[in-house]
Amino acid sequence: MTDAPQGLDSLSPADRRTLAFGPLWMFSLVAGSDGAVDEREVDRLAAVVERARPDGGPLLDAVLSELADGGGRILGEYAADGRTAEEGLRRVAAVLDLNWPPEVGEAFRSGLYAIGQAIASASGGFLGLGDPTSAAEGAALARAAHCLGMKPDSGTRFDGVAWPPVAP
């Protein structure tokens, strides 16, 4: 780990792009887990990027601002990127570990996970009743947490899915 500043300017273009893709990989993994991306999930991601930001520290805020400002360009680069969502989230974790102290990385990971939770809760339930997060989305959140290197306390569960997640 280096003593890099809190911002994105010290990163290589590839690592900066990797962090910018983090929310998109989270979206792909969670929203696509049940086989269909719901319009409400897309709207929730847009709301998170534009205004309803989770507390992930200044680094996540900078990434979400970059994503909002570079929208179409970043989406085009994301579409051309060949990594799976799980590969991408593992790379996000590596970039965090190599460039920032643990507390910055933990805040970023928690914020990214909160984005996944927001997406998962956007389309579930029936008429506003029941659990808004499907079993498939809960499993995807657990896989995302695992890829990001999140370590829950003993006995903690991620959205009803036991830790560590069982491979599908």
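## Reading the pocket, core and rings

The largest pocket of this predicted model holds about 190 Å³ of space.

User: Happy to start there. Which helices supply the lining of the largest pocket?

Analyst: Four helices each give at least two lining residues: α1 (13-31), α2 (39-50), α3 (57-69) and α4 (71-80). The largest share, 5 residues, comes from α2. Among the lining residues are Leu24, Phe27, Val42, Glu50 and Gly71.

User: How do the residues of that lining divide into nonpolar, polar and charged?

Analyst: The lining has 9 nonpolar residues, 1 polar and 1 charged.

User: Now the largest nonpolar core. How many residues does it have, and which have the most contacts inside it?

Analyst: The largest nonpolar core has 43 residues, and those with the most contacts inside it are Leu19, Leu89, Val92, Trp100, Phe108 and Leu112. Helices α1 through α7 each supply at least two residues of this core, with α1 giving the most, 10 residues. Take Leu19 as a case: leaving out residues up to four places away in sequence, Leu19 touches Leu8, Leu11, Val63, Val92, Val95, Leu96, Trp100 and Phe108.

User: And how is a pair of aromatic rings described?

Analyst: By two values, the distance of the centres and the angle of the planes. There are 3 aromatic pairs in the structure. One of them joins Phe21 and Trp25, edge-to-face, at 5.5 Å centre to centre with 90 degrees between the planes.

User: Where do Phe21 and Trp25 sit in helix α1 relative to each other?

Analyst: They are 4 residues apart in α1, so about one helical turn separates them. Phe21 is buried, at 0% relative accessible area, and Trp25 is buried too, at 1%. Ring pairs also bring in Tyr78, making a cluster of Phe21, Trp25 and Tyr78.

How values were computed
Residues numbered from 1 in each chain as written. Predicted model: local features only at pLDDT ≥ 70, side-chain atom pairs only at ≥ 80, totals over all residues. Heavy atoms only, no water. 1 Å grid on protein atoms, 1.4 Å probe; cavity = no way out; pocket = protein on both sides within 12 Å on 5 of 7 lines; lining within 4 Å. Points joined across faces, edges and corners; volume = space filled by probe spheres on them. Nonpolar A, V, L, I, M, F, W, Y, C, P; charged D, E, K, R; others polar. Core = buried A, V, L, I, M, F, W, Y, C linked by side-chain atoms within 4.5 Å. Buried < 20%, exposed > 50% of the residue type's maximum accessible area, 1.4 Å probe, protein only. Contact = heavy atoms within 4.5 Å. Phe/Tyr/Trp six-rings, centres within 6.5 Å; stacked < 30°, edge-to-face > 60°.
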